[in-house]
Amino acid sequence: MKNKLPEGFLWGGAVAAHQLEGGWKEGGKGISVADVMTVGSVNKPREITDGVIPGKNYPNHEAIDFYHKYKEDIALFADLGLKCFRTSIAWTRIFPKGDELEPNDEGLKFYDDLFDECLKNGIEPIVTLSHFEMPYHLVIEYGGFRNRKTIEFFVRFAKVCFERYKDKVKYWMTFNEINNQANFNEDFAPFTNSGIVYKEGENREAIMYQAAHYELVASARAVILGKKINPDFEIGCMIAMVPLYPKTCKPEDVLMAQKAMEKRYYFTDVHVHGSYPNHILRYLNRKGIKLDFTEKDKEELENGVVDYIGFSYYMSKVVEHKESNKFFDYDESKDIVKNEYVKASDWGWQIDPVGLRYSLNWFTDMYNLPLFIVENGFGAYDKVEEDGSIHDDYRIEYLKAHIEQMKLAVIEDGVNLIGYTPWGFIDLVSAGTGEMEKRYGFIYVDKDNQGKGTLKRSKKDSFYWYKEVIESNGENL
Ligand code: BGP
């Protein structure tokens with residue numbers, strides 16, 4: 001047994017196109033759902049406006065202007081020593097409306113240049129196809145993934161990307177945090193790829209399960225196609241991992257937590273095993289939800305299983321069983337309680353490094369596939385000192401504690417882990433709130449929630465710390 005992380009471990013950083021690129025109308029790009037979302041805050045959800053309304057503050061329009069600054073940013077990433085860079089391809093740069101037959105070459109060219117620049121600097125690009133940025137036109141015209149037709153549009157987009165970048169990108173993911181939509185009773189639109197904003201009085205649950213089914217089929221079909229285009233591709237799913245613990249050892253709480261895990265993570269079963277687990281089929285039956293689920297879907301799900309599980313990990317949550325909940329049906333908007341044993345961030349995200357080790361073991365026990373931690377990080381307010389330095393020791397503390405647990409999972413427990421890409425390692429727009437000032441970066445970007453600032457980049461203390469972590473392959477934390 002080695003007491004080190006494996007050689008070639010992919011240390012990196014993660015972002016998503018709409019949260020950093022900006023250039024929302026450049027290079028032939030169309031409007032995405034992220035382009036119609038305003039700034040919110042910890043207490044106020046982002047507003048999703050009906051088209052782009054002049055005068056409103058849309059943080060994703062400019063973001064941190066990576067679209068124009070990517071060369072200088074990649075030079076900084078190389079200085080930090082990143083081995084890989086996880087980003088997404090903005091669907092609207094490739095298919096501005098989403099339903100065109102031919103792609104937009106200028107958009108394709110942008111990612112050619114971006115990936116070439118990474119490779120030139122010894123950084124491997126890791127790509128998510130859909131990261132919360134569906135073309136807005138698909139939402140308006142087709143209802144997003146309410147509609148089976150959207151499968152075709154997504155698969156066309158995936159095919160074009162696979163063909164174009166087949167020699168530049170090896171690791172792909174289909175839908176970012178596909179299982180977020182399981183929380184359909186929360187107004188969670190900024191955190192999904194489905195393009196669905198629920199209307200008053202709708203049966204959200206039925207809509208969610210159908211949309212999720214279409215996404216799972218779209219993902220499987222993309223995997224099948226990708227493997228034909230380049231058999232060396234590694235195509236993964238991407239799951240938002242928030243382990244759900246029982247509030248007490250009361251058997252009902254324990255069962256409730258198990259049932260909650262089943263509901264949040266059945267997506268992984270479908271991606272990995274190529275079929276739905278019985279508990280979900282029975283649940284849908286009991287609820288009278290009939291899915292549009294064809295024989296061809298079944299075959300595609302079976303054949304389009306993923307090579308690895310990419311997942312994000314920020315926090316754990318605690319679940320309590322209520323007497324009235326006879327069937328142990330989990331509803332995230334009602335069943336979560338505070339964990340008395342851990343602290344939380346300013347945004348209420350519970351900090352639980354041991355939960356990362358738990359998650360790595362849980363995934364391994366359940367699925368026995370290679371794992372990739374493609375997001376982890378600490379959103380916090382940063383203060384710039386008079387001399388320009390930023391002492392983000394709280395961020396270092398968070399990351400250090402999580403990397404320690406990650407190492408234990410690999411070294412002690414034998415988990416097969418490909419890499420670790422902390423989230424938002426350059427400050428960017430928050431997906432949940434649209435704020436700039438919920439910062440995750442090792443690189444500071446001078447811009448505030450009102451959109452003001454010079455966009456100047458500067459290194460935080462965490463930058464120097466992470467550089468050393470990568471150089472020592474995780475030895476020096
Ligand atoms: C994940 C998303 C990211 C990201 C991150 C942090 O759920 O995949 O896009 O933004 O969470 O969330 P937030 O930006 O709301 O702090």
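Tutor: Start with contact: two residues count if their C-beta atoms, placed from the backbone, lie within 7 Å. Directions come from axes, lines fitted to C-alpha atoms (for helices, over the stretch in contact), with angles of 0 to 180 degrees between N-to-C directions. Helices (H or I, at least four residues) and strands (E, at least two) are DSSP runs, numbered from the N terminus.

The model is predicted: local features need pLDDT of at least 70 and side-chain atom pairs 80 or more, while totals for chains, interfaces and linings use all residues. Numbering starts from 1 along each chain as its sequence is written.

Two strands pair if DSSP finds at least two bridges between them. β6 joins β8 (residues 317-319) through 3 bridges, and the two strands run parallel.

Next, move to the barrel. Here 8 strands close up, with parallel pairing, in the order β1-β2-β3-β4-β5-β7-β10-β11. From one strand to the next, the twist averages 30°. β5 (residues 234-241) meets β7 (residues 308-313) in the parallel sense, over 6 bridges. There C237 has I309 of β7 as its bridge partner. β10 (residues 371-375) and β11 also run parallel, joined by 2 bridges. In that pairing L371 is bridged to L417 of β11. β11 (residues 417-420) also pairs with β1 (residues 10-14), parallel and over 2 bridges. W11 finds its bridge partner in Y420 of β11.

Take α12 (residues 353-367) with α13. Their axes come within 8 Å and cross at roughly 30°. α12 contributes P353, V354, L356, R357, L360 and N361 to the contact. α13 brings A401, H402, E404, Q405, M406, L408 and A409. By class, this contact has 8 nonpolar, 3 polar and 2 charged residues. Nonpolar covers Ala, Val, Leu, Ile, Met, Phe, Trp, Tyr, Cys and Pro; charged covers Asp, Glu, Lys and Arg; the others, Gly among them, are polar.

Now α13 (residues 393-411) with α14 (residues 461-471). They pack at about 25°, with axes 9 Å apart. So α13 is roughly parallel to α14. On α13 the contact uses D393, R395, I396 and I403. On α14 it uses D461, S462, W465 and V469. These residues divide into 4 nonpolar, 1 polar and 3 charged.

Finally, the ligand. The residues of its shell divide into 5 nonpolar, 7 polar and 3 charged.

Technical notes: Parallel < 35°, antiparallel > 145°, perpendicular 65-115°, else oblique.
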